[in-house]
Every structure is written in structure tokens, then in C-alpha cells.
Amino acid sequence: MRSSHRALLAWALTFLDAISGFSVPSPPVKASSATSRSTSSSSIDINSLNELSECKSGTAARKVLDRALLSNDESSDDEDRLYGSLIIPKGASDRSVSDADLAIQTGIRNAKYSVMELIELNGDRDADRASLALLSVTVGSTFSALVANQNLPGPEILRFVVVWLLSFAPLAFVGTGIAAPAELQSILVGIQRNVFPTYRRRMLQHEAGHFLMGHLLGMPVKGYRANSVRNAVEFYPLSDENIGLDTAKLLGFDPKRDTADNGDEVSGYDATSSSQPYFSEGGRGGKAVQQQSVFREKKDYANNPMLKLPAKNEPTNAWPYRGFDEETLDKLAIISVAGVCAEILAFGNAEGGYADLSQLRQLFNSAEPELDERAMENRIRYALGYGISQLRRHLGALDALAEVMENDGSVADCVLAIESCENVSGSTLLGDYERIRRDRIRSEGVGLIERTLLGGGKNADVEDDGVIYGKGGGDRKKKFVLTGDDPLYAAAAAALAFFVWASSGGMSLH
């Protein structure tokens, strides 16, 4: 019966195709996906890949990556490579992204906290840990001073000096935080990295997110620091000194040839010998302007109104004078938030978002056209949704990259780990890999002290139990919350109860 239905359906489609030209398009079949890839380390030119350490510009690094990852094996597909495999849809970041859209994109639904609430945006966690460090120094120095005063052998003056130094240690801590906050922060970060494995893994995941997302978007990495006090992934500057030569070649110019006035070719010219504009006084064509132009008697050619270019052709109105275009701005935004996206996927929250989002807003100020506060916020939300959804599809590659970065591997080693990862998505038959991975990262080798000091806070795995489900649901359950002047009334009631208890004989001063 089932086969007859299929035959009838096939006949109907054939009939429609014959009488009206209608055809049912088959779904596109891609040779590779995030879960299954045929790329292996044997199809990667490792010798070319090692040249990344010698690259001085982003253009040179892109050429090395294209040459190293462009497979010569006919049995493999060059589309399997992950470098530059992501393309941001043009204009997608201009569309409004609501809370519901962001929840669907990130997969964080039915949780107690939204995505934006999971990101530390004001540095409260760092302030709390600095306060805890001050408390520890105060308590430790106080007890040490008491012990030294009672048990320290030697002359009295030595005991006095030691006790005095220990007593003023908290003031020295506070003074260092005021005079040199960066140095104090570096010391505290170094202590946390060496003492708490969870903090070290969080920083690695954060920087690996920046690295992987830049690689997927086709922006090569210049270098990184994973085991230093301050982690950072460094990309090549956008003001590339070699991009002009490549553009000239694409336009048909030969940088090694020049043409004399009589039309003869002069070989040996190097386009990099002068950085001055061609028709400027210091450029190679400056004399030609003075000899052949009808305005050769005038010295100030730039300010002559007849020589001014139209506004649309004015170089100062174009890149790099114009600022970041939409495509570049989208890439920078997604790479900037990729660190916090990797943290959310690994720990359920993010603590490194304050610096990244502050730098991103500085980049937004260089956008053309200018962005208002609402447009900036919408682009950040779009970048978060895009970053989490794409990193979720590449969790296996992210873990492979983090492992190499933890061992201080070179940039070439990191690229090789990404491209040769067999299970890019990290999918498994054991269940939800993302949840299994998050539980493993958060609990592996974590002690009670570390769980107490670094744990807690907002988390994506906490379900929201304050919503009424079922028929007529949707509203939130009413909770007892002190608002307005309620704390004042509660304090007055507590004071009155204490006064009644004390006056009735509950407390005696005799």
C-alpha cells in the first residue's frame, strides 16, 4: 500500500512537470558539515602553515593560510576547511533582535536569566573578589601580628617592626589598589590562575572563543597569550600595508614596471619605494604634473577648485578615512563577543564581558554611518546570538583549540588543531553534549573552597520556577519582595520587638 502511494506521488509530480514546467527542487546537499568532515592533517601543508610566525601583515597571513589549507588531494573537498567558512548575511544585523529572538538563537530558553543577564557588564564579580582579597589580607595580617607579638624570638625592636608591618599590610593593599590598580589586578589574576583550575579554564575558553571565531570568519590571528597574567588574542591590524599592492595587481597594474614619457617600459621599479601619492610633490608623477598641466604655473594644485574631485570620488570620504563599513563592523562585533559566548557555553555565564563590550562600543563609534545607542545595543544582541549559535556547532573544534592553547602551542599548531579536528561539533550518542561538557568543565578538579569563592551567581542552567504554566498561565508567581519603604518599616518593627523583649526582663544589665 505504501509503495503504491509513492508511485502515485511520483506520477503526479511528473505530470505537473510535463504540463506546466513545475519541478520540485531537491534540498541542497553539502559535501561537509559541522559534524562530519573529511579534512585530515595529511591534506594540510604543515610546512607552509609554519610560515605564519613570519607574517607581518594580514594579507600575508591570508596567503599562507590559503596555500596551506588548499588541498591538493582530489579525494577531499576544499570546502571542508573551516577557515573563512562563515559568511555573515548582509544587513542581518540591522534587523531588530527581541528577547524572544535572542533566546531562540542562543538556545537559552525557559531559564531564569536572559542572555544579557548572564554576562558580567559592570565588573561586580571582580570587585567582590578584590574585597574578599582585602578581607583575607586584613584577617591574616591581624592574626599574624598577634602570633608574632607573642611568639617571635629576638630583640624587642625586631618584634615591633614585624608587628608594625603586619598591622599596616591592609593599608598597603588599599594603597596599591589606588596608586597602581593594573599591577594589583595582575597579581590577583595570577593568583587565581595558579590556585583555581576553574578560573584558568574560563580564561582559556574565553580566548579560544575569540581565536576560533576569527578563524571561521577569515581573519587570521597574529598571536595570543594563554598562560600569561593577561590573556589576549591579537589579530592583524586592518590598516594592512600590503593590501594596496594586491589591489593594484587585481586592477591590472604591474608593480615591477613603469612607463617613461616616450612610452618605453622601464623595469626595476618598486612600488614600495615611495609612500607618497603619485601626483604629489614628493611622488613619482609630481614633475609630470608641473610639466604637462595647464595649471603648471600654480604651485598649490590641491586647493584649486577646478582640480577638486567630486565628493563621491574624494579619497578622504572612502576607506580608511570613512571608518568601518557594515561588513567589517559585523565581523569585529562577533569576534569581540565570541569570548563571552564561549564562556556561556562552558560555564553557563560570562565574567569577561566588561572589557570586550567596552572595546566594542569604541569600535561602534568609528562606524559609518554613525550608530545611535539603540543600534549599538541591537548589533551586540545580534552578535551574541550569532556567536553562540556558531560556536555551539563547533564545540569539538573549540575544545581541541583550548587544549593546544593550554600547552602554549604556536598559532600554526592552533590552526592545525582546528582544521584537523574530526568531530567539529563534538556530538555524541551519550546525550546532550553541550550540557555534559558544561558539567565536566565546571566540576573537574574543583574543591570546596574554589566552588565557594568562584561558584554561584547567575547561570543558564537555572530554570525559572516563577512562571505559571498550564491553562491561563503566562503570569509570574507572586513573591514576597521588600520594596520602597518596606525595609524601614521592617527595621522599626524589629527595633520595637527588641525593646519590648528587653523591657519585659529579657535582658538585664546587672
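User: How many cavities of 30 Å³ or more are there, and what makes a space a cavity?

Analyst: There are two cavities of 30 Å³ or more. On a 1 Å grid over the protein atoms alone, a cavity is a set of points where a 1.4 Å probe fits but cannot get out. The model is predicted, so local features need pLDDT of at least 70 and side-chain atom pairs pLDDT 80 or more, whereas totals for chains, interfaces and linings use all residues. Residues are numbered from 1 along each chain, and side-chain values use heavy atoms, without hydrogens and water.

User: What lines the second largest cavity?

Analyst: Its lining is L52, L65, F211, H215, P220, V221, V411 and V415, where a lining residue has an atom within 4 Å of a point. α9 (197-216) and α16 (411-419) each give two or more of these residues; helices are DSSP runs (H or I, at least four residues), numbered from the N terminus.

User: Why are α9 and α16 called roughly perpendicular?

Analyst: They pack at an angle of about 70°, and 65 to 115 degrees counts as roughly perpendicular. The two helices therefore get that label. Their axes, lines fitted to C-alpha atoms over the stretch in contact, are 11 Å apart.

User: Which residues make the contact?

Analyst: F211, L212 and H215 of α9 meet V411, C414, V415, I418 and E419 of α16, contact meaning heavy atoms within 4.5 Å.

User: What is the mean pLDDT of the protein?

Analyst: The mean is 75, and 66% of the residues reach 70 or more; pLDDT is the predictor's confidence in each residue, from 0 to 100. Over residues 258-273 the pLDDT is below 50.

Conventions: 1 Å grid on protein atoms, 1.4 Å probe; cavity = no way out; pocket = protein on both sides within 12 Å on 5 of 7 lines; lining within 4 Å. Points joined across faces, edges and corners; volume = space filled by probe spheres on them. Axes fitted to C-alpha atoms, helices over the stretch in contact; angles between N-to-C directions. Parallel < 35°, antiparallel > 145°, perpendicular 65-115°, else oblique.
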